[in-house]
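Please read the points below with the sequence and the model open side by side.

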Amino acid sequence: MVKRTNISGIKGLPAGRQGFTLIETLVAIAVLGMAIVGPLTLAIKSIGSAVISQNQITASYLAQEAIEYIKNHRDNNFLEEGTVGWLEGLSDCLGSNSCYIDVFDIGSEINGCIDECSKINFDSSTKQYNYTDGDETIFIRTVNIIKKTINGNEDEAEIKVKVKWQEKFGE
């Protein structure tokens, strides 16, 4: 003989309830899943944004480096006291020409670009960006100098430095 026990008398359980239904279990799993997926999605997007920000900062420094190099080149030409023009040595970058500048390769620092400039390398041992040593990066730096005449003064120039790279969703 099997003895049956009425569980409705157990403290905490309402009369006639014997456990969770399948729907209640599925709802509980769905709520738990959303509680886990939300923060994980946010973390993944944050990491992606951090990578994009890191690339933008690096590109900004690479552009600034090229501008500083050209300003230094101009200043050195000026110190030659009139023996050379202030844009001497920058002809590969003038007008419609574009060039790339390797600030660490003394002697061949300024090189014209035929179709598109080369990608910059990163030397992990010296922590420097250059065009000769290290691993190829995603960055391409292009420099262009346009002579300007402002109020009759022909000693003006506009320096354009473009740093581009390929991200996951485009250039």
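1. Helix H1 covers residues 22–79. Helices (H or I, at least four residues) and strands (E, at least two) are DSSP runs, numbered from the N terminus.

2. The model is a predicted one: local features need pLDDT of at least 70, side-chain atom pairs count only at pLDDT 80 or more, and totals for chains, interfaces and linings use all residues. Residues are numbered from 1 along each chain as its sequence is written, and side-chain values use heavy atoms, with hydrogens and water left out.

3. On confidence, pLDDT is the predictor's own score for each residue, from 0 to 100. The protein chain has a mean pLDDT of 83, with 85% of its residues at 70 or more. Within the protein chain, S2 has the lowest confidence, with a mean of 82, and S3 the highest, at 92.

4. Which residues of H1 are buried? Buried means under 20% relative accessible area, exposed over 50%, and partly exposed in between (1.4 Å probe, protein chains only). The buried residues in H1 are Asn55, Thr58, Ala59, Leu62, Ala63, Ala66, Tyr69, Ile70, His73 and Asn77. These buried residues pack against strands S1, S2 (110–112), S3 (119–123), S4, S5 and S6, where contact means heavy atoms within 4.5 Å.

5. Next, the disulfides. A disulfide is a covalent bond between the sulfur atoms of two cysteines; here the rule is a pair of cysteine sulfur atoms within 2.5 Å. The count is two disulfides. With the bonded cysteines of the protein chain numbered in sequence order, the pairing reads 1-2, 3-4.

6. Cys93 is bonded to Cys99, with an S to S distance of 1.7 Å. The link of Cys93 and Cys99 is right-handed, with 85 degrees about the S-S bond. Cys93 is buried at a relative accessible area of 0%, and Cys99 is buried at 0%.

7. The other link joins Cys113 and Cys117, whose sulfur atoms are 1.7 Å apart. It has 90 degrees about the S-S bond and is right-handed. Cys113 and Cys117 are both buried.

8. How many aromatic pairs are there? Rings of Phe, Tyr and Trp (its six-membered ring) pair if their centres lie within 6.5 Å; planes under 30 degrees apart count as stacked, over 60 as edge-to-face and the rest as tilted. By this rule there are three aromatic pairs. In one of them, the ring centres of Tyr100 and Tyr131 are 4.5 Å apart and the planes meet at 45 degrees, so the pair is tilted. Tyr100 belongs to strand S1 (residues 99–101), whereas Tyr131 sits in the loop between strand S4 (128–130) and strand S5 (135–150), so the pair ties together parts that are 31 residues apart in sequence. Tyr100 and Tyr131 are both buried.

9. Phe122 and Tyr129 also pair, with ring centres 4.8 Å apart and planes at 50 degrees, so this pair is tilted. Phe122 is partly exposed at 25% relative accessibility, and Tyr129 is partly exposed at 24%.

10. A salt bridge is a side-chain nitrogen of Lys or Arg within 4 Å of a carboxyl oxygen of Asp or Glu. The whole structure holds six salt bridges. One of them links Lys71 with Glu68, the closest N and O atoms being 3.8 Å apart. Lys71 and Glu68 are three residues apart in H1, so about one helical turn separates them. Lys71 is partly exposed at 34%, and Glu68 is partly exposed at 40%.

11. Glu158 and Lys148 form a salt bridge at 3.1 Å, N to O. Glu158 is in strand S6 (residues 153–164) and Lys148 in strand S5, so the pair ties together parts that are 10 residues apart in sequence. Glu158 also meets Lys160 in a salt bridge, at 3.9 Å, N to O. Through shared partners, salt bridges join Lys148, Glu158 and Lys160 into one network. Glu158 is partly exposed at 29%, Lys148 at 32% and Lys160 at 43%.
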